[in-house]
Amino acid sequence: MNKKIIVALDGNNFSKIKKIALSLKNEVYAYKVGYEFFFNFGIDGYKKIKEIYPKIFLDLKLHDIPNTVEQGIKALEKLKPVFTTIHISGGDKMNKFSVKKTSRKTKILGVSILTSLDSNQTKKYYNEKNVQLLVKKLVKYAKKNGLDGIVCSPLEIKTIRKEIGKRMIIVVPGIRPINYSKKNDDQKRTLTPIEAIEMGADYLVIGRPITSSKNPLKTIKEINKSIQ
């Protein structure tokens, strides 16, 4: 099976997270560790998950002055994640410094526009209501500055794939299975797993629809079956 699902391990209950990680390890491409997990459980928690399954997407969305980001990347590479993230909007120099080390094994993904933002928010904060146009502009810079891939909403996959070609990776959050209830969901721009794959996504980040389901293993197996 060609694995494409990255399961987001969010939460503040390590025992529960560990149980989920153990049960799903044969069905995932990787586990995503973000702010909530990392700030609750730190490097020790990270290493415990890595012992369960070696592929980790360390999603810390670095956004700072170029030298600080460069040194941050060097430090986190010691943890050997398969992916980590920076905000493309940090500027050309910050982007270039994040990939400065040519021998690195960790892929640097550029975050375009957060999937929680709709056109009203992008107009307010980026002075651009056309989300597709804004994402296209940011992705163009990411490609020019040598990033390895892009994190984007499902609704921008086609635009981005056309802009970056086949060599760069596209990782997509905001994935919601057909039968998932969107009540109280903070993701604004979503698609189903099969829709995202057919549009050109390489990997899908899915958290709550799997981890909060009554049977996480059954849920991820159904998703994997639907995208093969």
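Visitor: Among contacts in the protein chain between residues at least 6 apart in sequence, what share joins residues at least 24 apart?
Guide: That share is 65%. Two residues are in contact here when their heavy atoms lie within 4.5 Å. The model is a predicted one.

Visitor: What makes the radius of gyration of the protein chain agree or disagree with that of a compact globule?
Guide: The chain has 228 residues, and a compact globule of that length would have a radius of gyration near 17 Å. The rule behind this is 2.2 Å times the number of residues to the power 0.38. The protein chain has 17 Å, so the two agree. Along its principal axes, the C-alpha trace spans about 45 × 35 × 30 Å.

Visitor: How many of the residues count as buried, as a percentage?
Guide: Of the 228 residues, 53% do. A residue counts as buried when its relative accessible area is under 20%. The chain as a whole exposes about 12,000 Å², with carbon and sulfur atoms supplying 49% of that area.

Visitor: What are the helices and strands arranged into, and how many are there?
Guide: There are ten helices and eight strands. The eight strands form a closed barrel in the order 1-2-3-4-5-6-7-8, with parallel pairing. On average, neighbouring strands of this sheet are turned by 25° against each other, direction ignored.

Visitor: Why are strand 1 and strand 2 called paired?
Guide: Two strands pair if at least two bridges are found between them. Strand 1 (residues 5–8) and strand 2 (residues 30–33) have three bridges and run in the parallel sense, so they are paired by that rule. Ala-8 stands opposite Lys-32 in strand 2. On this part of the sheet packs helix 10 (residues 216–227), which touches strand 1 and strand 8 (203–206) and makes about 155° with the direction of strand 1.

Visitor: Which residue of strand 3 does Lys-32 stand opposite?
Guide: Phe-57. Strand 2 and strand 3 are parallel and joined by three bridges. Between these two strands the chain passes through helix 2 (residues 35–52).

Visitor: What makes that crossover right-handed?
Guide: The strands are viewed pointing away from the viewer, and the path from the first strand over the helix to the second must run clockwise. The β-α-β crossover from strand 2 through helix 2 to strand 3 is right-handed, and so its path runs clockwise in that view. Strand 3, helix 3 and strand 4 also make a right-handed β-α-β unit. Helix 3 (residues 66–76) lies across strand 3 (56–62), strand 4 (83–87) and strand 5 (107–111), at about 165° to strand 3.

Visitor: How do you know whether Lys-61 is buried or partly exposed?
Guide: Lys-61 is found in strand 3, where six of the seven residues are buried. The limit for buried is under 20%. Lys-61 has a relative accessible area of 22%, so it is partly exposed. Lys-61 also has a positive phi of about 45°, although it is not a glycine.

Visitor: What is Glu-222 called at 44% relative accessibility?
Guide: The value falls between the limits of 20% and 50%, so Glu-222 counts as partly exposed. Glu-222 lies in helix 10. Glu-222 and Pro-177 are 45 residues apart in sequence, and their C-alpha atoms are 9.6 Å apart in space.

Visitor: What makes strand 4 largely enclosed?
Guide: Five of its five residues are buried, so strand 4 is largely enclosed by the rest of the structure. Phe-83, Thr-85 and His-87 point one way, while Thr-84 and Ile-86 point the other.

Visitor: How many bridges join strand 4 to strand 3 and to strand 5?
Guide: Three parallel bridges join strand 4 to strand 3, and Leu-62 stands opposite Ile-86 there. Strand 4 and strand 5 pair in the parallel sense over five bridges. The bridge partner of His-87 in strand 5 is Val-111.

Notes
Residues are numbered from 1 along each chain as its sequence is written. This is a predicted model: local features need pLDDT of at least 70, side-chain atom pairs count only at pLDDT 80 or more; totals for chains, interfaces and linings use all residues. Side-chain values use heavy atoms; hydrogens and water are left out. Helices (H or I, at least four residues) and strands (E, at least two) are DSSP runs, numbered from the N terminus. Axes are lines fitted to C-alpha atoms, for helices over the stretch in contact, and angles run from 0 to 180 degrees between N-to-C directions. Buried means under 20% relative accessible area, exposed over 50%, partly exposed in between (1.4 Å probe, protein chains only). Accessible areas come from the Shrake-Rupley method with a 1.4 Å probe; for residues, only the protein chains shown count as cover.
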